[in-house]
Amino acid sequence: MKIVGGKASQFLAGRVAQTLGCGLAIVEFKHFPDGELYTRLLEDIDEVTIVQSTVTDSDLICLLQLIDACEDADKVNVVVPYMGYARQDKVFIKGEAVSARAVARAIKADNIFTINIHSKNILSFFDGNAVDLDAMPLLGKYIGSIGLNNPVIIAPDEGAAHLAQRAASELGIDYDHLEKTRLSGDKVILKAKKLDVMARDVVIVDDMISTGGTMAETISLLREQGARNVYAACIHPVLSSNAVLKLYDAGTKDIIATDTIEKVVSKVTVAPIIAEAIKENL
Ligand code: R5P
């Protein structure tokens with residue numbers, strides 16, 4: 001088994017190969033004058049696991065090129081740690097493309113692994129055996145190592161409450177999610193459902209931070225409610241445009257994320273859960 005690292009996930013591919021103690025295939029990437037990507041696998045392979053997140057359209061092309069370059073392999077596993085277009089997982093307005101389905105159908109492999117994918121129904125769009133891995137315990141473990149004071153984990157909404165629960169149960173600490181309470185026709189307050197955050201260190205967890213809007217609003221709110229230090233944690237640090245500025249402006253102490261997308265804030269590697277999944281499917 002060799003690990004093939006895509007252009008967007010070279011650190012992670014290296015860490016997976018290191019964890020498994022297996023080889024890493026070298027790939028050449030370059031661009032033609034018109035901007036098109038050229039990808040070439042520089043070794044012969046029989047069984048491979050390709051690791052490539054698809055943050056941009058070009059990342060997706062790179063992944064499809066790698067799968068094609070592995071055409072002669074006996075077995076091809078594909079790990080898409082962060083899968084772009086996953087938020088368009090159904091038809092919201094008549095006539096729309098289900099982008100997640102279009103992307104999933106293009107990714108042909110024996111086994112496909114995603115990490116905390118936006119919605120589990122996307123797994124059924126893949127042709128091969130598709131499994132979603134949970135990186136929240138790894139994030140939880142890291143949160144437990146940074147010396148927080150009377151910590152609580154908060155999800156910005158009910159949809160992310162299961163993530164807060166997964167991280168908190170790793171540490172045996174409190175968790176909660178924010179809830180809107182309507183006080184009158186035009187007055188709504190947003191606060192933690194059960195817990196008081198006053199003077200506590202709070203870690204807000206979500207599956208991804210994209211524009212940073214959700215997280216910035218949550219940080220401001222919890223600080224107004226007396227939280228001590230507020231950390232912004234997520235699995236996928238998309239951090240588009242000025243998201244980082246928004247989070248610091250809102251008063252975050254730090255941003256914590258995994259390397260499903262390789263950024264400065266990727267303090268937690270998901271390599272151990274990928275390595276484990278590959279071992280189980282050898
Ligand atoms: C929503 O379904 C997700 O869990 C995130 O809360 C959302 O995608 C974050 O987006 P943004 O950073 O743009 O507010």
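Trainee: At what angle do α6 and α7 pack, and how far apart are their axes?
Mentor: In this predicted model, helix α6 (residues 213–224) packs against helix α7 (residues 243–250) at about 5°, and their axes are 8 Å apart. Angles under 35 degrees count as roughly parallel, so that is what we call α6 and α7.

Trainee: Okay, which residues make the contact there?
Mentor: From α6 you have G213, M215, A216, I219, S220 and R223, and from α7 you have K246, L247 and A250. Sorted by type, the contact of α6 with α7 has five nonpolar, two polar and two charged residues.

Trainee: Is the crossing of α4 and α5 left-handed or right-handed?
Mentor: Right-handed, as α4 passes α5. The α4 side of the contact is M136, P137, G140, K141 and I143, while α5 brings L163, R166, A167, E170 and L171. By type, the contact of α4 with α5 divides into six nonpolar, one polar and three charged residues.

Trainee: Switching to the sheet: what's the strand order?
Mentor: Go across it and you read β2-β1-β5-β6-β7-β8. It's an open sheet of six strands, paired in parallel.

Trainee: And which strands stand at the edges?
Mentor: Those are β2 (23–25) and β8 (129–133). Each has a single partner strand, so one side of each is left without a neighbour in the sheet. As for the twist, it averages 25° from one strand to the next.

Trainee: How many bridges join β6 and β7?
Mentor: Four, in the parallel sense, between β6 (residues 75–80) and β7 (residues 111–115). To find a spot on the structure, look for V80, which stands opposite T114 in β7.

Trainee: Which strands does α1 lie across?
Mentor: Helix α1 (residues 10–20) lies across β1 (2–5), β2 and β5 (47–51). Against β1, α1 runs at about 170°.

Trainee: What about α1 and α8, how do their axes cross?
Mentor: The axes of α1 and helix α8 (residues 271–280) come within 9 Å and cross at roughly 55°. That makes α1 oblique to α8, and α1 passes α8 in a right-handed crossing.

Trainee: Which residues make that contact between α1 and α8?
Mentor: On α1, look for L12, R15, V16, T19 and L20; on α8, for A271, P272, I274, A275, I278 and K279. In the contact of α1 with α8, eight residues are nonpolar, one is polar and two are charged.

Trainee: New topic: how many salt bridges are in the whole structure?
Mentor: A search finds eleven. One of them joins the side chains of D127 and K108, at 3.1 Å from N to O.

Trainee: Where do D127 and K108 lie?
Mentor: D127 is in the loop between β7 and β8, and K108 is in the loop between α3 (99–106) and β7. So the pair ties together parts that are 19 residues apart in sequence.

How values were computed:
Residues are numbered from 1 along each chain as its sequence is written. This is a predicted model: local features need pLDDT of at least 70, side-chain atom pairs count only at pLDDT 80 or more; totals for chains, interfaces and linings use all residues. Side-chain values use heavy atoms; hydrogens and water are left out. Two strands pair if DSSP finds at least two bridges between them. Helices (H or I, at least four residues) and strands (E, at least two) are DSSP runs, numbered from the N terminus. Axes are lines fitted to C-alpha atoms, for helices over the stretch in contact, and angles run from 0 to 180 degrees between N-to-C directions. Contact means heavy atoms within 4.5 Å. Angles under 35 degrees count as roughly parallel, over 145 as roughly antiparallel, 65 to 115 as roughly perpendicular and the rest as oblique. A crossing is left-handed if the near helix is turned anticlockwise from the far one by less than a right angle, and right-handed if clockwise. Ala, Val, Leu, Ile, Met, Phe, Trp, Tyr, Cys and Pro count as nonpolar, Asp, Glu, Lys and Arg as charged, and the others, Gly among them, as polar. A salt bridge is a side-chain nitrogen of Lys or Arg within 4 Å of a carboxyl oxygen of Asp or Glu.
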